[in-house]
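Keep the sequence and the structure open beside you.

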Amino acid sequence: GPLLAEVTLFDIYRGRPLADDRRSLAYRLVFAAPERALTEDDVEAAVTAVTTGVAADVDGVLRT
């Protein structure tokens with residue numbers, strides 16, 4: 001979306017407890033808006049959009 005300014009992959013994990021055909025990817029997401037400060041609601045909505053897209057596109061889940 002328009003608030004996502006930068007995405008960086010910083011870790012890939014394979015192995016237990018993940019299934020053999022799965023891997024865990026860790027990304028750093030930077031959100032920004034040039035004309036204003038972002039609110040917590042702005043960032044939460046943007047993260048939800050990213051996680052929803054990843055789930056739909058590659059069957060990914062947010063690891064908590």
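**Reading the helix and its surroundings**

A: Helix H1 spans residues 40-58, 19 residues in total. From first to last C-alpha, H1 reaches 27 Å, close to the expected 27 Å at 1.5 Å a residue. The expected span is 1.5 Å times one less than the number of residues. Helices (H or I, at least four residues) and strands (E, at least two) are DSSP runs, numbered from the N terminus.

Q: What should I know about the source?

A: This is a predicted model, where local features need pLDDT of at least 70, side-chain atom pairs count only at pLDDT 80 or more, and totals for chains, interfaces and linings use all residues. Residues are numbered from 1 along each chain as its sequence is written, and side-chain values use heavy atoms, with hydrogens and water left out.

Q: How do I read a helix by its residue spacing?

A: An α-helix has 3.6 residues a turn, so residues three or four places apart point the same way.

Q: In what order do the elements of the protein run?

A: From the N terminus on, the order is β-β-α. That makes one helix and two strands. The radius of gyration is 14 Å, well over the 11 Å of the globule rule for 64 residues, so the protein is more spread out than a compact globule. The radius is taken over C-alpha atoms; the rule is 2.2 Å times the number of residues to the power 0.38. Along the principal axes, the C-alpha atoms fill a box of roughly 45 × 20 × 20 Å.

Q: How many of the 64 residues are buried, in percent?

A: Buried means under 20% relative accessible area, exposed over 50%, partly exposed in between (1.4 Å probe, protein chains only). Here, buried residues make up 12% of the 64.

Q: What follows H1?

A: Asp59 does, with a positive phi near 60 degrees. Gly60 also lies in the segment after H1.

Q: Is Gly60 buried or exposed?

A: Gly60 is buried, at a relative accessible area of 18%. Contact means heavy atoms within 4.5 Å. Not counting residues up to four places away in sequence, Gly60 touches Val54 and Ala55.

Q: Where is Ser24?

A: Ser24 is in strand E2, residues 24-31. Ser24 is buried, with a relative accessible area of 11%. Leaving aside neighbours within four places in sequence, its contacts are Asp11, Ile12, Tyr13, Leu18 and Arg63. Gly60 and Ser24 are 36 residues apart in sequence, and 9.1 Å apart in space, C-alpha to C-alpha.
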